[in-house]
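Student: I would like to learn how to read a model of this kind, feature by feature. Could we start from a single residue and work outwards?

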Amino acid sequence: YYLTGPDTLTHKQVAELFSAELGETIDYIPLDDATLRENAKAFFPTQELIDGYSNMYQYFRDGYYNVQH
């Protein structure tokens, strides 16, 4: 199953699409790694999971998951 569409969208573009569909402003607020890690402590019980989440998100920021089908 393909879970992507025909376009590669930025986070900002996704927020704009949601805003248009919902009729209210949705802002994309980028997070630096330190802020992401601090916020992740509320959701992940171990440092290992926080590190994994941070690494995965870095792959997104670096464009490794930009795949079109």
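Tutor: Let us begin with one side chain, keeping in mind that this is a predicted model. Val 14 is placed in helix 1.

Student: Which residues make the nonpolar surface patch, and what is its area?

Tutor: Val 14 is one of its members, together with Leu 9, Leu 17, Phe 18, Leu 22 and Ile 26, and the patch comes to about 520 Å².

Student: How many helices and strands does the protein have?

Tutor: There are 3 helices and 0 strands, and along the sequence they give the pattern α-α-α. Buried residues account for 10% of the 69 residues. Of the contacts between residues at least 6 apart in sequence, 34% join residues that are at least 24 apart.

Student: Which residues of helix 3 are buried, and what do they pack against?

Tutor: An α-helix has 3.6 residues a turn, so residues three or four places apart point the same way. In helix 3 the buried residues are Ile 50, Ser 54 and Tyr 57. They lie on the same side of helix 3, because the arc they cover around the axis is only 65°. The buried residues of this helix pack against helix 1 and helix 2. As for its length, helix 3 has 16 residues and spans 22 Å from its first C-alpha to its last, close to the 22 Å expected at 1.5 Å a residue. After helix 3 comes Gly 63, which has a positive phi, near 85°.

Student: How many salt bridges are there, and where should I look for one within helix 1?

Tutor: A salt bridge is counted here when a side-chain nitrogen of Lys or Arg is within 4 Å of a carboxyl oxygen of Asp or Glu, and by this rule there are 5. In helix 1 (residues 11–22), look at Lys 12 and Glu 16, which are 4 residues apart, about one turn of the helix. Their side chains form a salt bridge with an N to O distance of 3.5 Å. Lys 12 is exposed, at 54% relative accessible area, whereas Glu 16 is partly exposed, at 44%.

Student: Which residues form salt bridges with Asp 33?

Tutor: Arg 37 is one of its partners, with the closest N and O atoms 2.9 Å apart. Asp 33 and Arg 37 both belong to helix 2 (residues 33–40), where a spacing of 4 residues separates them by about one helical turn. Arg 37 is partly exposed at 22% relative accessible area, and Asp 33 is likewise partly exposed, at 28%. Asp 33 also forms a salt bridge with Arg 61, in which the closest N and O atoms are 3.7 Å apart. This second pair links distant parts of the chain, since Asp 33 lies in helix 2 and Arg 61 in helix 3 (residues 47–62), 28 residues apart. Arg 61 counts as partly exposed, at 31% relative accessibility.

Notes. Residues numbered from 1 in each chain as written. Predicted model: local features only at pLDDT ≥ 70, side-chain atom pairs only at ≥ 80, totals over all residues. Heavy atoms only, no water. Helix = DSSP H or I, 4+ residues; strand = E, 2+ residues; numbered from the N terminus. Buried < 20%, exposed > 50% of the residue type's maximum accessible area, 1.4 Å probe, protein only. Patch = residues over 30% accessible without salt bridge, like charges linked within 9 Å, V, L, I, M, F, W, Y side chains within 5 Å. Areas by Shrake-Rupley, 256 points an atom, 1.4 Å probe, with all protein chains shown as cover. Contact = heavy atoms within 4.5 Å. Expected span 1.5 Å × (residues − 1). Arc of directions from axis to C-beta.
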